Amino acid sequence: MGIYYAYSLLYSRQPEVLWAQRSEKIYLTISLPDAKDVVLKTEPHGLFTFSAVANGEPFSFSLELFDSILPEGRKTRTKIGLRNIICSLQKEKKGWWKRLLKSEEKHPYIKVDWNKWRDDDDEESGMC
């Protein structure tokens with residue numbers, strides 16, 4: 001896996017990633033139909049890495065999240081479907097992030113998931 005993995009990181013594409021948040025969680029939906037060899041890793045300081053193969057092509061990305069998350073375990077959930085991969089990441093501290101990533105740099109493959117998005121006002125009024 002060594003040489004192939006290094007090659008795939010250099011020459012891989014990024015799938016579309018949709019994100020939403022609640023005060024306690026971040027939701028990531030990775031749009032990648034027929035994904036195989038899916039590898040997800042979360043680290044407490046907020047690093048999220050993903051790699052997979054779809055239609056013989058490697059896909060991968062790493063995200064340095066805005067703040068800390070709980071490490072992989074019972075609070076982090078992943079569902080791999082036919083069309084996408086859905087991840088629920090538990091924030092270490094409850095609260096609203098002003099953006100997904102630590103840096104303000106824009107990534108064209110990351111978009112807001114308006115279907116899952118809730119404002120803090122919605123949570124307080126019990127609309128979630």
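How many nonpolar, polar and charged residues does the lining of the largest pocket have, by class? I will come to that after a word on the model, which is predicted.

The pocket, then. Its space comes to about 220 Å³. The lining has five nonpolar, two polar and five charged residues.

Strand β8 takes us to the sheets. It belongs to an open sheet of five strands, in the order β6-β7-β2-β1-β8, and the pairing there is mixed. Why does one side of β6 and of β8 have no neighbour in the sheet? Both strands, β6 being residues 77-80, stand at the edges with a single partner strand each, so one side is left open in that sense. From one strand to the next, the twist in this sheet averages 20 degrees.

Strand β2 covers residues 25-31 and strand β7 covers residues 84-90; they pair in the antiparallel sense, over seven bridges. For a landmark on screen, find tyrosine 27, which stands opposite serine 88 in β7.

Now the other sheet. This one is open as well, with three strands in the order β3-β4-β5 and antiparallel pairing. Its edge strands are β3, residues 36-43, and β5, residues 57-64, and each of them pairs on one side only. The twist here averages 5 degrees from one strand to the next.

Strands β4 and β5 run antiparallel and are joined by eight bridges.

Is leucine 47 buried, exposed or partly exposed? Its relative accessibility is 24%, so leucine 47 counts as partly exposed; the cut-off for buried is under 20%.

Which residues does leucine 47 touch, leaving out those up to four places away in sequence? They are Lys41, Thr42, Ser62, Leu63 and Glu64. Of these, Lys41 and Thr42 fall in the range of edge strand β3, while Ser62, Leu63 and Glu64 fall in that of β5. Leucine 47 can also be placed relative to serine 68: the two are 21 residues apart along the chain, and their C-alpha atoms are separated by 8.3 Å.

Technical notes
Residues are numbered from 1 along each chain as its sequence is written. This is a predicted model: local features need pLDDT of at least 70, side-chain atom pairs count only at pLDDT 80 or more; totals for chains, interfaces and linings use all residues. Side-chain values use heavy atoms; hydrogens and water are left out. Buried means under 20% relative accessible area, exposed over 50%, partly exposed in between (1.4 Å probe, protein chains only). Contact means heavy atoms within 4.5 Å. On a 1 Å grid over the protein atoms alone, a cavity is a set of points where a 1.4 Å probe fits but cannot get out, and a pocket is an open set with protein on both sides within 12 Å along at least five of seven lines; lining residues have an atom within 4 Å of a point. Grid points are joined across faces, edges and corners, and a volume is the space filled by probe spheres set on the points. Ala, Val, Leu, Ile, Met, Phe, Trp, Tyr, Cys and Pro count as nonpolar, Asp, Glu, Lys and Arg as charged, and the others, Gly among them, as polar. Two strands pair if DSSP finds at least two bridges between them. Helices (H or I, at least four residues) and strands (E, at least two) are DSSP runs, numbered from the N terminus. Axes are lines fitted to C-alpha atoms, for helices over the stretch in contact, and angles run from 0 to 180 degrees between N-to-C directions.
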